[in-house]
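Subject: the structure I promised you

Hi,

Here is the structure we talked about, handed over for you to look through. Have a look first, then read on for my notes.

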Amino acid sequence: MDFVFNGNMALKRNRYASVTGTIVDMVPAGMGNRRVNGCMIFVTLEDMEGNTVNFIMTPSTYVLDFETLSVGMLCTFWYATNVPMPLIYPPQYNAVVAAQEKNGRNVNVAFYNTSMVNEEHTLELNLDATVEVRTTNNQYYQGSPANHSLVVVYGSSTRSIPAQTTPSKIVVLCD
């Protein structure tokens, strides 16, 4: 968790933020002085309020379940809040994770502590032998997922604070 200083008071800032919307355009992209080479995709998203948000998808962007995204899909894109980004309109972020929205499937991207609670204190994970823990290249993760940034896929959760769930899948975002 990062801290932002406001006067003489420290405010907590989450590592990841997300935008949900419909993909309205996808074109090959380049960054900086790099030419367009097909490895990066410039995605234009229209959020639920009709605002435009742009994302750069690179080869390191994790796409949940390795799905092929396309124009017209309702998706959520997560980006890191602690990296530099251009101050332009519409906003443009580097996508860390992307997932198509599906009924009955919830996805949370956050840093989870040793108690397996995310940094927003909104979700606590109950792990058992049925939970798949993988890396972004779909290999079995060989350590504890605690104290890592995780992509958590789950169905239902309790109404407690924080909500508790046994996820169906965890993907460790190895730094």
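To start with burial: 39% of the 175 residues in the chain are buried, where buried means under 20% relative accessible area, exposed means over 50%, and partly exposed is in between (1.4 Å probe, protein chains only). Please keep in mind that this is a predicted model, in which local features need pLDDT of at least 70 and side-chain atom pairs count only at pLDDT 80 or more, while totals for chains, interfaces and linings use all residues. Residues are numbered from 1 along each chain as its sequence is written, and side-chain values use heavy atoms, with hydrogens and water left out.

How far can you trust it? The mean pLDDT (the predictor's confidence in each residue, from 0 to 100) is 90 for the chain, and 89% of the residues reach 70 or more. Residues 1-11 are the stretch to treat with care: pLDDT is below 50 there, although the stretch has 18 contacts in the model beyond near neighbours in sequence. A contact means heavy atoms within 4.5 Å. Where pLDDT is low, the predicted coordinates should not be read in detail.

Now the overall layout. The chain has 14 strands and zero helices; both are DSSP runs numbered from the N terminus, helices being H or I with at least four residues and strands being E with at least two. Of the contacts with a separation of 6 or more, 60% are between residues 24 or more positions apart. The accessible surface comes to about 9900 Å², and carbon and sulfur atoms hold 50% of that (Shrake-Rupley method with a 1.4 Å probe; for residues, only the protein chains shown count as cover).

Next, the inside. The largest nonpolar core has 17 residues, and I23, F55, M57, L69 and F77 have the most contacts inside it. By nonpolar core I mean a set of buried Ala, Val, Leu, Ile, Met, Phe, Trp, Tyr and Cys residues joined through side-chain atoms within 4.5 Å. At least two residues of this core come from each of β3 (16-29), β4 (40-47), β5 (52-57), β7 (74-80) and β8 (92-100). If you click on I23, you will find that its contacts, leaving aside neighbours within four places in sequence, include V43, L45, L69, V71 and F77. There is also a second, separate core of 15 residues, with V131, V152, Y154 and V172 among them.

Strands count as paired if DSSP finds at least two bridges between them. β7 is mostly covered, with six of its seven residues buried. On one hand β7 runs antiparallel to β3, joined by seven bridges, and Y16 stands opposite A80 of β7. β7 is also antiparallel to β8, through five bridges, with Y79 partnered by A95 in β8. β5 is mostly covered too, as five of its six residues are buried. Six bridges join β5 to β4 in the antiparallel sense, and T44 has N54 in β5 as its bridge partner. Four residues lie between the strands of that hairpin, where G50 takes a positive phi near 90 degrees. With β8, β5 pairs in the parallel sense over three bridges, and F55 stands opposite Y93.

β9 and β12 (residues 148-154) are antiparallel over seven bridges, and F111 stands opposite S149 in β12.

Most residues other than glycine have a negative phi, and most peptide bonds are trans. The bond from Y89 to P90 is cis, with omega near -5 degrees, and P90 lies in the loop between β7 and β8. Another cis bond joins I161 and P162, with omega about -5 degrees; P162 is in the loop between β12 and β13 (163-165). H121, in the loop between β9 and β10 (123-125), has a positive phi near 60 degrees and counts as partly exposed because its relative accessibility is 43%. N138 has a positive phi of about 70 degrees, sits in the loop between β11 and β12, and is partly exposed at 33% relative accessibility.

Cheers
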